[in-house]
Amino acid sequence: MSNQFIIRKATKKAKKLKIGVSASSGSGKTYSSLKIAYGLVGDWDKICVIDSERDSASLYADLGPFNTINLTKPYHPDRYVAALVAAVESGAEVVIIDSITHEWNGPGGCLEIQSSLGGRFQDWAVVTPLHNNFIDMILTAPVHVICTIRRKEEYALGQGANGKMQVQKLGLGEVTRDGFSYEMDVMFEVENDTHNAKATKDRTQLFTDRTPFLITEETGKELRDWSNAGRSE
């Protein structure tokens, strides 16, 4: 039987990074993302923010003249895709999607679409391809993409020490579809009190063993150097 596959030596290729920054409200995920973005390209005019947070990114306009797309409801996955395409076509080299949470649970987002179809399990057959197309556009975009994700306290009903059922805190969880972080090259979680970040996933291995740190432009420069240290396609 003829071999259908080509075996070759692995070589590191230059690539456009896909980065996630998750935090609860007020923790600094937008500010941190802008710092990473500027470190990646060193030019504010090459940065575009897709802002679904009521134009909140513009609060940081004093950092530099970056560009914004004000994305309002409905937060249908296709509208996110169209905004990403527009940002890339504008000449942006880094696109910040702030935040992807609305694509999942905002007005017109995936959960609302599924509910409007009847809220049945089989209705995910319509919604999942929409969400998957949104994720695929992020992963294949020919630019660096930074996604911010809201985090909130998660709870579950469990048995307490007294044997009675009670609500238990599970910690902070990302408000998007499960599995999103697996798609990212790097995932940062930003702490609410200190604004320090830790890497919960890191294909670059730049931050794997690093204690929580404040994200700065240097963080972006480290990522830029890693992403460029490979063979171009």
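The buried residues of helix α7 in this predicted model are T219, G220, L223 and S227, where buried denotes a relative accessible area under 20%, exposed over 50% and partly exposed in between (1.4 Å probe, protein chains only). Viewed down the axis of α7, these buried residues fall within an arc of 95 degrees, so they line one face of the helix; the arc is that of the directions from the helix axis to the C-beta atoms. Helix α7 comprises 12 residues, 217–228, and reaches 16 Å from its first C-alpha to its last, close to the 16 Å expected at 1.5 Å a residue. The expected span is 1.5 Å times one less than the number of residues. Helices (H or I, at least four residues) and strands (E, at least two) are DSSP runs, numbered from the N terminus. At the start of α7, a side-chain oxygen of T216 comes to within 3.2 Å of the backbone nitrogen of E218.

Residues are numbered from 1 along each chain as its sequence is written. As the model is predicted, local features need pLDDT of at least 70 and side-chain atom pairs count only at pLDDT 80 or more, whereas totals for chains, interfaces and linings use all residues; side-chain values use heavy atoms, with hydrogens and water left out.

Residue H102 is located in helix α3 (residues 101–105) and counts as buried at 10% relative accessibility. The side chain of H102 makes a polar contact with the side chain of S99 at 3.4 Å; such a contact is a pair of N or O atoms within 3.5 Å, and within protein one must be able to donate a hydrogen and the other to accept it, with residues adjacent in sequence counting only if both atoms are side-chain atoms. Neighbours within four places in sequence aside, H102 is in contact (heavy atoms within 4.5 Å) with S52, E53, Y75, Y80, G109 and R150.

Rings of Phe, Tyr and Trp (its six-membered ring) pair if their centres lie within 6.5 Å, with planes under 30 degrees apart counted as stacked, over 60 as edge-to-face and the rest as tilted. The count by this rule is 8 aromatic pairs. Y31 and Y60 form a tilted pair, 5.6 Å centre to centre with 55 degrees between the planes. This pair links distant parts of the chain, with Y31 in helix α1 (residues 29–41) and Y60 in the loop between β2 (47–51) and β3 (67–70), 29 residues apart. The rings of Y38 and W44 have centres 4.5 Å apart and planes at 15 degrees, so this pair is stacked. Y38, W44 and F66 form one aromatic cluster.
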